[in-house]
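Let's take a walk through this predicted model together. Keep the picture open while you read, and find each part as it comes up.

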Amino acid sequence: MASHDQAPRSWMLWAIAVAGIGVLTGVLILSLASARLEPSVLRVFLIGWIVIPYVVGGLVAWWRRPASRLGPLMLLTGFSMVLVPLQWSSQPLLYSIGHLFDMVPAALFLHTFLAFPSGRLTGRWERVLVGSAYAITLGLHVVKVMLGANPNSVFSVLDNVTVGTVAEGVQLSLIAVCLLLGAARLYRRRSGLGRHRRPAALVVDAFGLALVMLALLYVSGIFAWPFIEIIRLITFAALGLAPIAFLFALLDLRLARGDAAGLLVELRADPTADLQAPLARALRDPSLRLSYWLPDFAGWVDQTGAPAPFPAPDEHRAVRLLDRDGEPMAALTFDRSLEDEHELLAAVLAAAAIALENGRLRAELRARLTELQSSRVRVVEAGRQERQRLERDLHDGAQVRLVALSMELGLMGEDPATDPDLKARLLNAKEEVWASLTELRDVAHGIYPAVLSGHGLEVALESLVARAAVPVMLSVDLDERPPEAVEVAAYYVVSEALANIGKHSMATSAQVGVRRHGPRLWVQVSDNGAGRAELRNGSGLRGLTDRVEALGGHLEVREVDGGGVCVQAELPCR
Amino acid sequence: MSMSRVLPSSPSAPPIRVAIAEDSVLLREGLRRILTGAGLDVLAAYDNADDLLARCRAETPDLVLLDIRLPPTHTDEGMRAALQIRREYPTVAVLVLSQYVELGLALKLLSESAEGVGYLLKDRIGDVTEFLEAVRRVAAGGSAIDPQIVSTLLRRRRRDDPMQRLTPREREVLELMASGTSNAGIAGRLVITQRAVEKYVSSVFDKLGIPSTGTESRRVLAVLLYLRS
């Protein structure tokens, strides 16, 4: 166990395998030579049933996942079982040593199962639990033997069977409690696993079952239940099955590596596809999230370019930073249980690397589009507010003064004391003021349709339609007022379309329809004129397209069957 | 025109009692001067709609004169107050003044009835005589719709336009009629007899196919709706 973090040399693994075979052969010889406990063929078989899967599983795990301590831990567990048959020896010391280590495997099982998959215990609580298990199976065991729980042991000091039996009862109860607590821990961990992590869940199930059975075996030992042999058989079966489930899970991951190859093919076939979904499929983790680092924005975004905070790793989620030339490029957030599947992760990431730069460029493009869109919204909205303010200034300033002036001139003109010649000049002046007022009114109204703010689209359109060059059929169907920015855009669409009809269409009538359909406002202006659509697609309509699209809407100008043009705008009412 | 026309025609009749709501001091005081000078009784002049409404609750004036845009938001406060007064105090005549005239608002004001309603551009105040005439007409239960609304509606081109069948004189009568002028008023303006006005009016209604509506104020809405369609 000297080098967990680097791959074991193959000769080491071979040596361990040979040692395993050697030890098993020794156990077999011992069992044949032993006359003491008449070990049956079944007992020899059961020892082999535990040792072989753990040694094989440990070797495979160490080989395939050198970074995990699970392999060495499984090997240790497997070999610890070979000390148990020493109890079959008629040699007192060998027997006593075998008996001394009789229960250590229980602590090792608990340790191995809780340490799955990284080989390390997580959290103080687990370390305390496993530490207690070692103390109970080794420390308390020694005390129990010294007190005289087993008169045949050479280590027996007190030789008081009663005290020894009580000590044994306490020991078995305590270890049963430890094992059950470990099983409960595994149960909690299993419910934390996503449904998509099926192989891992299977392994955890097998481990939990083995721990519960082991606890049951010890409890039945305390009370000397008659069916203890059956429980022992089931327990050994479960303990032996656990590493087999683990091997199956490993095999399943080997199969999953095929997904990495599939990912490569998929990315080659369509290099412009978004990466997140294929990655999630290849790693079998639908909760997987891909985020990109955009240096120009100095921030993280998701693949749609929307800002996404850099995800912090937690109990369930692991984060892998992908960089290039030391610069962060992307980050993957995935189910923590995947972290153990180094090879799969490495294979998938290697496959994804070819498309990562493209993916980031796309995310950046989308982020810029969003930025552009929102700045366009800001520009249009700022323009609208500025126009509203200007109109208001004119209304409350110049227009009022001119009205007051015309009133003053009117009063002077009405005064009988005024000289007739002066009266004529006053009338002239008043008419000049009126002309200015009319011009100013047109300017102010053009700047902002103030009637909109106070009275809404229907009233505003009524006046617009009244000023149109042709009779217009107006139909407005709105339950509630849309946001003012949307009303203004709709107003300008109608205004511009009606102006175009007056200028270019030779139409004799027009129709204006405004209605709310779900979250969108539809505005339609059509006429019975003859003009081609492109002829009427003047600069005014182009300006409108900007205004409509800035609000996330869409403007369309098309010819109508049987003559005439239809201008249609669709505006989201957010 | 002499000031004598501006003065009350019969000194024995009680003066028209007016309440004003206009947020510009210049215009508010100007209106007070014009109305007082013409012998009308200006009960109060406010810069907001709420005070005007409170005044109506205390003592109803004969006529309220109000700006369509009033504080606090300068959007629809004046219009709302006007509609509320028409609803709650049917005997109070309402004359709305505005920098713009909007057909939609005129139709809203007239929708219940055109009796005692006026909607004029502020510019009209400068033509003191005509303005006072409109004030008196509205106070007496008539109506006054700004000629600008009517002339805008008349400008448009139509297919098979029945308007083209009107003589120039009939057209003048139509415009005056739509802005709320009474037959007597039209007669005075066009210097013809009232009898002649009545003939022109029925001829216009015939040619346009508008059903004859009887009262002078009701025909305002009928003509406006006709012109709009």
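## The sheet in chain B

In this predicted model, chain B has an open sheet of six strands in the order β2-β1-β3-β4-β5-β6, with parallel pairing. A strand here is a DSSP run of E at least two residues long, a helix is a run of H or I of at least four, and both are numbered from the N terminus. Two strands count as paired if DSSP finds at least two bridges between them. β2 (41-46) and β6 (143-145) of chain B sit at the edges with a single partner strand each, so one side of each has no neighbour in the sheet. From one strand to the next, the twist averages 20°.

Now zoom in on one pair. Strands β4 (residues 93-98) and β5 (residues 117-121) of chain B run parallel and are joined by five bridges. Leu95(B) stands opposite Gly118(B) in β5(B).

## Helices on the sheet

Helix α2 (residues 49-58) of chain B packs on the sheet and touches β1 (17-21), β2 and β3 (63-67) of chain B. Its direction makes about 140° with that of β2(B). Helix α4 (residues 103-110) of chain B also packs on the sheet, touching β4, β5 and β6 of chain B, and its direction makes about 165° with that of β5(B). Touching means heavy atoms within 4.5 Å; the angles run from 0 to 180 degrees between N-to-C directions, with axes fitted to C-alpha atoms (for helices, over the stretch in contact).

## What covers helix α3?

The buried residues of α3 (residues 77-88) of chain B include Met79(B), Ala82(B) and Ile85(B). Buried means under 20% relative accessible area, exposed over 50%, and partly exposed in between (1.4 Å probe, protein chains only). Among the elements covering the buried residues of α3(B) are α14 (450-466) of chain A and β3 of chain B.

Rings of Phe, Tyr and Trp (its six-membered ring) pair if their centres lie within 6.5 Å; planes under 30 degrees apart are stacked, over 60 edge-to-face, and the rest tilted. That gives seven aromatic pairs over all chains. Tyr491(A) and Tyr492(A) have ring centres 5.9 Å apart and planes at 80°, so they are edge-to-face. Both Tyr491(A) and Tyr492(A) are buried.

## Reading the numbers

Residues are numbered from 1 along each chain as its sequence is written, and chains are lettered from A and ligands numbered from 1 in the order written. Local features need pLDDT of at least 70 and side-chain atom pairs count only at pLDDT 80 or more, while totals for chains, interfaces and linings use all residues; side-chain values use heavy atoms, leaving out hydrogens and water.

Notes
Expected span 1.5 Å × (residues − 1).
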